Amino acid sequence: MTVHVVGNACLDTLYRLQRFPEPGETVVADGMAEDLGGKGLNQAVAAARAGARVRLFAAIGPDRPGEAVAERLAAEGIDTAGLVRLDCPTDRSMIQLDAAGENTIVSVTGCADRFAPPQGTDLDGALQAGDLLLMQGNLRIAAVRECFALARGRGVGTVLNPSPIRDSYAAVLPLTDLLVVNRGEACRLGGDADPHRSAQTLLRRGASAIVVTLGAAGASLVTADGRQDFPAPAVTAVDTAGAGDLLCGVLAGLLDRGVAIEAALPSAVRAAAIGVTRPGVLSSFPTQAEIQAILPQARGGADR
């Protein structure tokens with residue numbers, strides 16, 4: 001089986017600050033670093049390191065950052081046949097990280113905005129029954145809806161991580177097997193200050209199951225059968241950027257390998273806990289060997 005990640009790829013520039021600037025204020029950064037990123041690429045790498053066969057569908061530009069994306073994916077063992085080259089610069093993101101490990105992100109998304117899968121891709125022919133399709137919020141809602149409808153027709157499982165939120169996703173939720181949202185996203189989409197009550201609302205709107213990530217508190221799985229909480233190990237967070245992508249990608253990779261979600265989610269939480277103890281985004285992700293080391297506890301039955 002294959003995890004088909006349809007999303008974005010970009011170049012990340014990270015600035016380390018003691019604190020975020022106030023409006024109109026200039027602050028001096030303690031340092032900066034560049035790495036490849038984008039929620040689609042991040043989650044594809046995490047899924048591959050969890051042992052899944054992965055293909056990324058994303059748009060890149062005809063420039064050096066675009067070449068670097070293709071090279072990095074190949075080095076991770078990810079199928080690059082889904083990359084689409086557009087006549088615009090590869091997308092970029094600026095990440096600000098403060099001394100407490102919190103972050104803000106600003107992105108330029110020309111490639112992602114022009115990318116309109118499944119048109120212009122071979123996703124239609126690539127999807128096979130039993131595969132998994134993972135998408136985020138970087139692409140237009142029409143693209144998410146069309147790709148999920150195509151997946152449903154092929155007997156392919158669907159996972160949606162609607163970050164950044166660009167829509168209500170009301171038309172997509174009935175096509176979503178698993179919705180992965182953080183606390184704020186759950187509250188915003190479900191319309192309630194309590195993320196678990198919001199998750200119940202999102203279930204009623206059509207999602208089959210929901211994972212609510214809760215940072216240092218771990219994550220919850222909410223289904224029609226009830227709620228299960230999975231605590232995170234206690235760690236000292238250095239950098240939280242990319243933690244949600246890491247959790248979501250590892251979770252998707254394990255689900256595609258046939259690990260039950262009740263067993264896959266705690267391993268994904270542990271992987272994210274490793275990531276936040278290190279600086280950077282992709283550079284903080286556990287290696288494949290590190291992820292494999294936390295999997296014996298996660299072995300379970302089929303997820304879907």
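**Note on the predicted model: sheets, helices and cores**

1. Leu134 is in contact (heavy atoms within 4.5 Å) with Val3, His4, Val5, Val6, Gln43, Val159, Cys248 and Ala252, leaving aside its neighbours within four places in sequence. This residue lies in strand β8 (residues 132–136); helices (H or I, at least four residues) and strands (E, at least two) are DSSP runs, numbered from the N terminus. Leu134 has 0% relative accessibility and therefore counts as buried, where buried means under 20% relative accessible area, exposed over 50% and partly exposed in between (1.4 Å probe, protein chains only). Its C-alpha atom is separated by 7.4 Å from that of Ala252, which lies 118 residues apart from Leu134 along the chain.

2. This is a predicted model, in which local features need pLDDT of at least 70 and side-chain atom pairs count only at pLDDT 80 or more, while totals for chains, interfaces and linings use all residues. Residues are numbered from 1 along each chain as its sequence is written, and side-chain values use heavy atoms, with hydrogens and water left out.

3. On confidence, pLDDT is the predictor's confidence in each residue, from 0 to 100. The protein chain has a mean pLDDT of 93, and 97% of its residues reach 70 or more. Over residues 298–304 the pLDDT is below 50, and this stretch has 28 contacts in the model beyond near neighbours in sequence.

4. Axes are lines fitted to C-alpha atoms, for helices over the stretch in contact, and angles run from 0 to 180 degrees between N-to-C directions.

5. Val180 stands opposite Val211, and Val181 stands opposite Val212. From β11, Ile210 and Val212 point one way and Val211 and Thr213 the other, and all are buried. In a regular strand the side chains alternate between the two faces of the sheet.

6. Strands β11 and β12 pair in the antiparallel sense over four bridges, with Val212 opposite Ser220 in β12. Their hairpin has five residues between the strands, and Gly215 there takes a positive phi near 60°. Strands β12 and β13 run antiparallel and are joined by five bridges; Ala219 stands opposite Phe230 in β13. These two strands form a hairpin with two residues between them.

7. Thr2 is found in strand β1 (residues 2–6). Its relative accessibility is 9%, so Thr2 counts as buried. Not counting residues up to four places away in sequence, Thr2 touches Arg53, Val54, Arg55, Asp131, Leu132 and Asp256.

8. Another open sheet has four strands in the order β3-β2-β6-β7, with mixed pairing. Strands β3 (31–37) and β7 (103–108) stand at the edges with a single partner strand each, so one side of each is left without a neighbour in the sheet. The twist averages 20° from one strand to the next. Strands β2 (residues 10–16) and β6 (residues 91–97) pair in the parallel sense over seven bridges, and Leu14 stands opposite Ile95 in β6. Helix α2 (residues 64–75) packs on the sheet, touching β2 and β3, and its direction makes about 65° with that of β3.

9. Helix α8 (residues 243–256) has 14 residues, of which 13 are buried, so it is largely enclosed by the rest of the structure. Just after α8, Gly258 takes a positive phi of about 95°.

10. A nonpolar core is a set of buried Ala, Val, Leu, Ile, Met, Phe, Trp, Tyr and Cys residues joined through side-chain atoms within 4.5 Å. The largest one has 60 residues, of which Val54, Leu56, Leu178, Val211, Val250, Leu251 and Leu265 touch the most other members. A second, separate core of 40 residues includes Leu86, Cys111, Met135 and Tyr169.

Terms used. Two strands pair if DSSP finds at least two bridges between them.
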